[in-house]
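Reader: I have a model open and would like to go through a few spots in it with you. Could we take them one at a time?

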Amino acid sequence: MKQVYLLTGRPGTGKTSLIKQAVAEVSGTAGGFYTEEMRSQGIRKGFRLTTLDGHSTTLAHVKIQSQYRVGKYGVDIDALDRVGVSALQRAAQQCELIVVDEIGKMELFSASFRETVLKIIDSGRWLLGTIMLSPNPWADAIKRRPQVDLVPVTGANYQQVLAGLRQWLKGLSGNKT
């Protein structure tokens, strides 16, 4: 069984929801982070990064002035490194399962993020995450790593992917029956 389980797919197919649902059922320790949209009056204004241990920061926002941009969003690399990368490093030391939602354009601006993700994958630790669907040389190289199980998510296969994810999580020491 591969130790890295990465979900990929178009936005809105339920990748983050799948991870949240699966992590809620894990009996072992989990750490890392999620990213979620920030909306105001139904309009997406940015993205929030929230760690599994309850810390939160704005990852990207229309009002952030930054040299790092994805579309209309300025990306706060310092916030990602301070909150997100720190959460990944703590999880790598303390947790059975490391959650990275997501390995995407915004996160890949950070050299610390890329280095930390590679160290986790190479360590043999259990990593559950999402990774961008669109082509990117760095992300594509991760997708091809032998320890990675890349799972496409569509609206139609949500329950099937959830069942496969639950089966994969049974391999964690805290989840063995």
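Reader: To start, which residue takes a positive phi just after H3?
Author: That is glycine 124, whose phi is about 85°; please keep in mind throughout that this is a predicted model.

Reader: And the helix itself, how many residues does H3 have and how far does it reach?
Author: Helix H3 runs over residues 111-123, which makes 13 residues, and from its first C-alpha to its last it reaches 18 Å, close to the 18 Å expected at 1.5 Å a residue.

Reader: What happens at the start of H3, around serine 110?
Author: There a side-chain oxygen of serine 110 comes to within 3.3 Å of the backbone nitrogen of serine 112.

Reader: Which residues of H3 are buried?
Author: The buried residues are Phe113, Thr116, Val117, Ile120 and Ile121. Around the axis they cover an arc of only 135°, so they sit on the same side of H3, while Lys119 and Asp122, on the other side of the helix, are exposed.

Reader: Which side chain does threonine 130 make a polar contact with?
Author: Its partner is aspartate 101, and the polar contact between the two side chains is 2.6 Å. Leaving out residues up to four places away in sequence, threonine 130 also touches several others, among them Leu6, Ile19, Val100 and Lys15.

Reader: Lysine 15, then: where does it lie, and is it buried or exposed?
Author: Lysine 15 lies in helix H1, which covers residues 15-24, and it is buried, with a relative accessible area of 12%.

Reader: What does the side chain of lysine 15 reach?
Author: It reaches the backbone oxygen of arginine 10, at 2.9 Å. Beyond its neighbours within four places in sequence, lysine 15 is in contact with Arg10, Leu7, Thr8, Gly9, Thr130 and Val153.

Reader: Last one, how far apart are lysine 15 and glutamate 37?
Author: From C-alpha to C-alpha they are 13 Å apart in space, and in sequence they are 22 residues apart.

Conventions
Residues numbered from 1 in each chain as written. Predicted model: local features only at pLDDT ≥ 70, side-chain atom pairs only at ≥ 80, totals over all residues. Heavy atoms only, no water. Helix = DSSP H or I, 4+ residues; strand = E, 2+ residues; numbered from the N terminus. Buried < 20%, exposed > 50% of the residue type's maximum accessible area, 1.4 Å probe, protein only. Contact = heavy atoms within 4.5 Å. Polar contact = N/O pair within 3.5 Å; in protein donor to acceptor, adjacent residues only side chain to side chain. Expected span 1.5 Å × (residues − 1). Arc of directions from axis to C-beta.
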